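Please consult the sequence and the structure below while reading.

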Amino acid sequence: MSIRDVYADNNATTMTAPEVLESMQPFFCSLYGNPSSMHNFGGQVKKHIDRAREQVAALIGAQPAEIMFTSCGTESDNAAIRGVLAAAPNKKHIITSRVEHPAVKNVFYYLSENDYRVTELSVDRQGRLDLDELREVLDDDTALVSLMWANNETGVVFPIEQAAEMTRAAGAVFHCDAVQAAGKLAIDLSRTPIDLLSISGHKLHASKGIGVLYVRKGTHFMPFMLGGHQEGGRRAGTENVPAIVGLGRACELAGDSISTENTTVKALRDQLESALLEQSIDASVNGDTVNRLPNTTNISFKYIEGESILILLSEVGIAASSGSACTSGSLEPSHVLRAMGVPFTRVHGSVRFSLSRYTTAEDVEYIVTNMIRIERRLREISPFGRDELPEVR
Ligand code: PLP
């Protein structure tokens, strides 16, 4: 079999769509004015930023004035959480979940060390959130609830509309990290009481270096970046014009392809998952398979190392990701799978495949053939490969 390149790590980052790249091109050498300048070079550019703001707003059912451009999803999350708390200094309770991305998790950790009372909501074995727990912990002192729409590792989707409604009823502000959901799931903020929402360009086929923070009109919010008056005084700094224009185009394309994500991409993901479960010696899916992103599957191959799997997949041109310690760039195994109570023997053998609208049926077939071959090879050299051992927690 010939080696091909198969990219199945789209939750880490995506290819910039060719249409997006094309839309960005004029903003380097011809339309390079500073949008804040009074002259025509600037004025011409500003029109394109306004258009991009409309395109982003249209994808999520927002008003253009509620869209603030940032540099990435991490900045959006930081600006949202810190910006809300700075505007409500008298409230000291904040709520999040145990499975958030570090862009939220580490901000909450910092705040817990600095006078804030943090509640981390638990998830069940399928990675699902318990809304009753949220209802119980909301109190008069709660300033903010920050929950992700969809999990980056497992794809599990939280009941975000209900969580936002509960939060609003309790008089607190609701922030949602929608970095993985945007472009894959329909989002309509005109009907969902979310106050702030984060998006990252490079997760939806725009370039790196661009993010969005949606701030609902009327939300009390203190700017994080101080300086010039860009972004309506909410985020200072000269705009990353090519990336903003590209993001606008990417959002337009994402709006057109949400149905493809939920039909074609989902069918390919299901095909990949069922073939792996059927042909593997011992594999199981991590996370709720009902409420899940259409492009993601997180599979544990028991008793073999996710890291070794990834190295061997990479040797045959396949890019995927793992929840095991070393490959995720941290010393700890996935906090998401641990929070779900997945046993160590399965956490260490977990692999995430995340597809996109560019994934083909041939790609899926190539992954299955190679993954099964790699599994057998690793089991042959693993001391536990064929013998059943008791589950170690
Ligand atoms: N939130 C989630 C759920 C993510 O998956 C990521 C990136 O993986 C981020 C936030 C951070 O986004 P960025 O890489 O744009 O900073």
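This is a predicted model: local features need pLDDT of at least 70, side-chain atom pairs count only at pLDDT 80 or more; totals for chains, interfaces and linings use all residues.

**Ligand surroundings**

The ligand is surrounded by 13 residues, and the closest are G73, T74, D177, S200 and K203.

| Residue | Protein atom | Ligand atom | Distance |
|---|---|---|---|
| G73 | polar backbone atom | oxygen | 2.8 Å |
| H101 | polar side-chain atom | oxygen | 3.3 Å |

**Helix packing**

Helix α12 comprises residues 361-381 and packs with helix α9, residues 306-315, at an angle of about 130°, the axes being 10 Å apart. The two helices are therefore oblique to each other. The crossing of α9 past α12 is right-handed. On the α9 side the contact involves S308, I309, L312 and L313, while α12 supplies M371, I374, R377 and L378. Six of these contact residues are nonpolar, one is polar and one is charged.

Helix α8, residues 241-279, also packs with α12: their axes come within 10 Å and cross at roughly 20°. Because angles under 35 degrees count as roughly parallel, α8 and α12 are described as roughly parallel to each other. Their crossing is right-handed. Among the residues making this contact are L268, Q271 and L272 of α8, together with V364, I367 and M371 of α12. By class, the contact of α8 with α12 contains ten nonpolar, two polar and one charged residues.

Key: Residues are numbered from 1 along each chain as its sequence is written. Side-chain values use heavy atoms; hydrogens and water are left out. Axes are lines fitted to C-alpha atoms, for helices over the stretch in contact, and angles run from 0 to 180 degrees between N-to-C directions. Helices (H or I, at least four residues) and strands (E, at least two) are DSSP runs, numbered from the N terminus. Angles under 35 degrees count as roughly parallel, over 145 as roughly antiparallel, 65 to 115 as roughly perpendicular and the rest as oblique. A crossing is left-handed if the near helix is turned anticlockwise from the far one by less than a right angle, and right-handed if clockwise. Contact means heavy atoms within 4.5 Å. Ala, Val, Leu, Ile, Met, Phe, Trp, Tyr, Cys and Pro count as nonpolar, Asp, Glu, Lys and Arg as charged, and the others, Gly among them, as polar. A residue is near a molecule or strand if one of its heavy atoms lies within 4 Å of it. A polar contact is a pair of N or O atoms within 3.5 Å; within protein, one must be able to donate a hydrogen and the other to accept it, and residues adjacent in sequence count only if both atoms are side-chain atoms.
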